[in-house]
Amino acid sequence: MLGFPVISIILTILSGVLFDGVVATVDDEVILMSDLREEIAPFLADLKSQGASPEQIQQEMEQAFQKSLDRYIERLLLYRKAINEGLNVDEKEIDDRINKIKKRYGSLEEFNRILEESGEAMSEFRERVKQQIIALSYAMKKRKEFESEITISEPDIAKYYNEHIEEFQNPQRVKVRRIFLSASKDSNERAKVRERIMEIYDRLKQGADFNSIAENESQGPEADKSGLIGWVSKGDLVPELEQMIEKMNVGDISQPIETEWGFHILKIEEKQESGNIPYESARVMIEPKLKEQYVNERYQKWIDELKKGARIRIFL
């Protein structure tokens, strides 16, 4: 739970008053309230754009403030290590990152307005982005080093599989292809599309190749894959399509199905009942998961050691 001084800081941030003060120090480097205000500004803008109430904003900001402070301290430590090891970043990468950030605000005017409200000059913003990039690059470098330390053995993988078998359950699913024709809500146009889908259905009943028609005539995004939607489970498709699939067997081709978007013809290629994913299939998921788990733990331990080696004071 955050104390009274933090609540005061958050209320100051929300009010837009540009009052500053020292929040923390890392050795001889100072973290100001304005530094955290700049960190939180995009998050605050998102909350306001979503129509959050003042109470919701304050509650979210309390958590965001603490996370922002933790990130800022970590980034200072990473940046310092990176600079000591000669890591740098070219100007183009900084420009690219700034352009991506600007796009989040909808317009350049909105970005400039938020930047001005934060009290941060563009040169300061650019320097902050530079530090973020360098710190992140150094963090990724360390994570790769930690990843190279670990070899996941077969017994480790088997142990995880047996102890977490509930993670490796396949729901009942079917492999589906589709022919789709889009139709607007205009009754005349919809009638024309209905005639066309029925003509396609008649051709299919006479033995026409489903895949070929899907590739050449379907308007669905999967047309370039001969209509292959892939494996779907309950809840993946709209109710009209799911209801039809429940009645179908492997190899069946459905009658045209009408939805608000248009007309669909489905083909069931394969069905799988629910059950455990076999070990050989699961192991390719488990190995990277165990590596990531090790790297996360090793990285956090290393960060904790960096923090212990620094004189960190928080004035809250």
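This report describes selected helices, residue contacts and ring pairs in a predicted model.

After α3 comes Gly86, whose phi is positive, near 80 degrees.

Helix α3 packs against helix α6 at an angle of about 75 degrees, and the axes of the two helices are 8 Å apart. Because angles from 65 to 115 degrees count as roughly perpendicular, α3 and α6 are therefore described as roughly perpendicular to each other. On the α3 side the contact is made by Arg75, Leu78, Tyr79, Lys81, Ala82 and Ile83, and these meet Glu127, Arg128, Gln131, Gln132, Ile134, Ala135, Tyr138 and Ala139 in α6. The residues of this contact of α3 with α6 divide into eight nonpolar, two polar and four charged.

Leu77 also belongs to helix α3, and with a relative accessibility of 3% Leu77 counts as buried. Leaving out residues up to four places away in sequence, Leu77 touches Val26, Leu306, Lys307 and Ala310. Leu77 and Ser153 are 76 residues apart in sequence, and their C-alpha atoms are 34 Å apart in space.

**Helices α7 and α11**

Within α7 the contact residues are Glu154, Asp156, Ile157, Ala158, Tyr160 and Tyr161, and they meet Tyr279, Ala282, Arg283, Ile286, Glu287, Lys289 and Leu290 in α11. The residues of the contact of α7 with α11 divide into eight nonpolar, no polar and five charged.

**Aromatic rings between α6 and α11**

The count of aromatic pairs in the model comes to seven. In one of these pairs, Phe146 and Trp302, the ring centres are 6.2 Å apart and the planes stand at 65 degrees, so the pair is edge-to-face. This pair links distant parts of the chain, since Phe146 lies in helix α6, residues 122-149, while Trp302 lies in helix α11, and the two are 156 residues apart. Phe146 is buried, having a relative accessible area of 2%, and Trp302 likewise counts as buried, at 10% relative accessibility. Ring pairs link Tyr138, Phe146, Tyr299 and Trp302 into a cluster, and Tyr138 is also one of the α6 residues that meet α3.

Thr25 lies in strand β1, which comprises residues 22-26, and Thr25 is buried, with a relative accessible area of 13%. Apart from neighbours within four places in sequence, Thr25 is in contact with Val30, Arg311, Ile312, Arg313 and Phe315.

Arg313, one of these partners of Thr25, is placed in strand β9, residues 312-314. Arg313 counts as exposed, at 53% relative accessibility. Not counting residues up to four places away in sequence, Arg313 touches Val23, Ala24 and Thr25. Between Arg313 and Gln50 there are 263 residues of separation in sequence and 35 Å in space, C-alpha to C-alpha.

**Positive phi in two loops**

Most residues other than glycine have a negative phi. Asp27 is not a glycine, yet its phi is positive, at about 55 degrees, and Asp27 is found in the loop between β1 and β2, the latter covering 29-32. Ser226, again not a glycine, has a positive phi of about 55 degrees. The place of Ser226 is in the loop between α9, 210-217, and β5, 228-233, and Ser226 is buried, with a relative accessible area of 15%.

**Relative accessibility of residues discussed above**

| Residue | Relative accessible area | State |
|---|---|---|
| Leu77 | 3% | buried |
| Phe146 | 2% | buried |
| Trp302 | 10% | buried |
| Thr25 | 13% | buried |
| Ser226 | 15% | buried |
| Arg313 | 53% | exposed |

How values were computed: Residues are numbered from 1 along each chain as its sequence is written. This is a predicted model: local features need pLDDT of at least 70, side-chain atom pairs count only at pLDDT 80 or more; totals for chains, interfaces and linings use all residues. Side-chain values use heavy atoms; hydrogens and water are left out. Helices (H or I, at least four residues) and strands (E, at least two) are DSSP runs, numbered from the N terminus. Contact means heavy atoms within 4.5 Å. Ala, Val, Leu, Ile, Met, Phe, Trp, Tyr, Cys and Pro count as nonpolar, Asp, Glu, Lys and Arg as charged, and the others, Gly among them, as polar. Buried means under 20% relative accessible area, exposed over 50%, partly exposed in between (1.4 Å probe, protein chains only). Rings of Phe, Tyr and Trp (its six-membered ring) pair if their centres lie within 6.5 Å; planes under 30 degrees apart count as stacked, over 60 as edge-to-face and the rest as tilted. Axes are lines fitted to C-alpha atoms, for helices over the stretch in contact, and angles run from 0 to 180 degrees between N-to-C directions. Angles under 35 degrees count as roughly parallel, over 145 as roughly antiparallel, 65 to 115 as roughly perpendicular and the rest as oblique.
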